[in-house]
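Subject: Structure handover and notes

Hello,

Here is the structure I said I would pass on. My notes on it follow below.

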Amino acid sequence: MLTVHKANKLKGKCVVPGDKSISHRAVMLSGISKGTTKIGGFLKGEDCLATLRCFQQMGVKVREEKNQLFITGKGLHGLEEPEDVLDAGNSGTTMRLMAGILSGQDFYSVITGDASLRKRPMKRIAFPLRKMGAGIDGRKMGTQAPLTIRGGGLKGIEYQLPVASAQIKSAVLLAGLFADGVTSVIEPRVSRDHTERMLQSFGVTVRQDGLKCTVKSEELQATHIEVPGDISSAAFILVAAACIKGSDVTLENIGINPTRAGIIDALCQMGAEIGIKNKREIGGEPIADVRVKGSDLKAVEIGEEQIPSLIDEIPVLAIAAVCAKGTTRITGAAELRVKETDRISAMEEELKKIGVEITALEDGMMIDGPQIITGGSTDSHGDHRIAMAMAVAGLLSEEPITIDNHHCMAVSFPGFIETIENLREG
Ligand code: S3P
C-alpha cells in the first residue's frame, strides 16, 4: 500500500521514461527488419518488456549496452514459430499489434495475457485479420484471448475502422506488410500515428490520404530510434503542477506528436500556464521541453473529436477537473470502458472514496469544481493509470490518500513516485 501526502509545491526539472507506444513499435519493427536497430530511451516498463520477451521467443536477438538496446531482426519472413505460448501480460498493444505480425507468419502461435487482458475485446482485430486470410480463434467465439493464430497467405484489404483505434489500425497495417496487394485502413478520426511514422523510418512507403493510410509488402531496413519521453506519463506531472499554485516544473524531451498531445491542449483550454520550448524532431517524432506553472483552472468541455489524442489521460484529466471552476464534461469516450479496466466506473468508485462527487456517463463523465479532496483509501483496480491518477489526487488532498495495488504503476512509469518526490517542495 502506498500513501501520498499533500504537496505545497512542485518545482524543478525532470524527465519521464520513454514512450510506451513508441517502445512497443520499436521492438516489433526492428524484429521484422533486416539488420540491427539501435534503440535509445526504450521504456523498461512491464508492457514493453512483455513485447521484447515475445519477440525473443521468436528468435529475435536483443543486446543491451549502456542503456541502449540493439535488436537484430529476422527480416519479414524469418521469425521462428514460438515453442510455447506468447504472454502479452497486461498489454493490449502487445497483443493486438503482434497479432497483425503473427497473421503474416507461416506458423502457428498462441498469445495470452493477464486476467485483465483476457477480458478485453479482440474481435476488433480478429475480424479484419481474418478478412485478410489469417486463421484466428479464441475464447468466447474467437473474441477473447488466449488467441490462436495460424498465419500466412494474406491478401490486402481496404478496412474502415469501426472506432478510432491506433491498435486496430496498426494491426491491419502490420499484417499488410505480409499481404499480397495493397492494404488500406480508413479511420473515423485520427488516432496516434506512431506506426506510420516509424514504418517510414524503416524505409517503408506509407501513403496517407486524409484519414486513409495505405501500405504494401516491403522489406524493413534497420535504423536508429530515439524514444521520446512519454506524454502520457508526463501528463500526471503536468496536471499535478498545473493544479498546485506556486509550482513550476519543466519536463524535458517529451514527445508532442499532435495525435498524442491532447492533454496539453485541454490544460491550456482550462487556463493552465504551459510553455513549449526547444521544439525539435527525432526519428520523425516531434519532441520538446514542456514547462508548466500552477494556476487557477477553469472547467472544459471535451468531445469525441478530441478524445483520441488524450484517451489515456482522461483519468488524470478528471483530477484537473476536480480543481477547476465550473462543470467539466467529457463525452465520446466510451472506449474508456474497455481499457485495462473500465476507467469510467473505476474513477467514479475511487473519486467517491476520497470525497469527490462525479457523474459517470455511458461515454464519459461530468465533474463540478472546484471540490475539496478530503483523502481516504483507494484501489488501483490493477490499472497503472488509475493508480497514478490517485497519487496525483494525493498531492492535492487535505488528508493523505492510500493506494492499494500500486505496483502496476511500473507498467508504464517505473520510478513515478521517486520522480514526484524529487519535485516536491514541502
Ligand atoms: C495505443 C493505443 C490506444 C491507447 C493505448 C496504446 C497504442 O489504444 O489507449 O494505451 O500504442 O497503439 P486503442 O488503440 O485501443 O485506442
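In which helix is Arg 385 found? Arg 385 is in helix H12, which covers residues 384-396. Helices (H or I, at least four residues) and strands (E, at least two) are DSSP runs, numbered from the N terminus.

Before the rest, some ground rules. This is a predicted model, in which local features need pLDDT of at least 70, side-chain atom pairs count only at pLDDT 80 or more, and totals for chains, interfaces and linings use all residues. Residues are numbered from 1 along each chain as its sequence is written, and side-chain values use heavy atoms, with hydrogens and water left out.

The largest pocket

The largest pocket has a volume of about 580 Å³. A pocket here is an open set of points on a 1 Å grid over the protein atoms alone, where a 1.4 Å probe fits, with protein on both sides within 12 Å along at least five of seven lines. Grid points are joined across faces, edges and corners, and the volume is the space filled by probe spheres set on the points. The elements that give two or more residues to the lining are H1, helix H3 (92-103) and helix H6 (166-176).

The pocket is lined by 35 residues, and those nearest its centre are Ala 164, Ser 165, Ile 311, Glu 335 and Lys 339. A lining residue has an atom within 4 Å of a point. By class, the lining has 17 charged, 10 nonpolar and 8 polar residues. Ala, Val, Leu, Ile, Met, Phe, Trp, Tyr, Cys and Pro count as nonpolar, Asp, Glu, Lys and Arg as charged, and the others, Gly among them, as polar. Domain 1 (2-18 + 228-425) and domain 2 (20-214) each supply at least three residues to this lining; the domain bounds come from an automatic or database domain assignment.

Annotated residues

UniProt, in an unreviewed entry, places a "binding site" feature at Lys 20, Ser 21, Arg 25, Ser 165, Gln 167, Asp 312 and Lys 339. The lining of the largest pocket includes Lys 20, Ser 21, Arg 25, Ser 165, Gln 167, Asp 312 and Lys 339. UniProt positions are given in the numbering used here, feature names are shortened, and annotations may be inferred rather than shown by experiment.

Another "binding site" annotation from UniProt (unreviewed entry) covers Lys 20, Gly 92, Arg 120, Gln 167, Arg 343 and Arg 385. Lys 20, Gly 92, Arg 120, Gln 167, Arg 343 and Arg 385 are included in the lining of the largest pocket. For "active site", UniProt lists Asp 312, again in an unreviewed entry.

Residue by residue

Lys 20 lies in helix H1 (residues 20-31). Lys 20 counts as buried because its relative accessibility is 9%, where buried means under 20% relative accessible area, exposed over 50% and partly exposed in between (1.4 Å probe, protein chains only). Not counting residues up to four places away in sequence, Lys 20 touches several residues, including Asp 47, Asp 230, His 384 and Arg 385. Contact means heavy atoms within 4.5 Å.

Ser 21 also lies in H1. Ser 21 is buried at 8% relative accessible area, and its contacts beyond four places in sequence are Arg 192, His 194 and Arg 260.

Arg 385 is buried too, with a relative accessible area of 2%. Leaving aside neighbours within four places in sequence, Arg 385 is in contact with Lys 20, Asp 312 and Arg 343, among others.

Asp 312 sits in the loop between strand E20 (301-302) and helix H10 (314-323). Its relative accessible area is 11%, so Asp 312 is buried. Beyond four places in sequence, Asp 312 touches Arg 192, Ser 232, Lys 339, Arg 343 and Arg 385.

Gly 92 is in helix H3 and is buried, at 5%. With neighbours within four places in sequence left aside, Gly 92 is in contact with Leu 117, Arg 120 and Gln 167.

Val 85 is in the loop between strand E6 (68-72) and strand E7 (86-87). Is Val 85 buried or partly exposed? Val 85 counts as partly exposed, because its relative accessibility is 37%.

Regards
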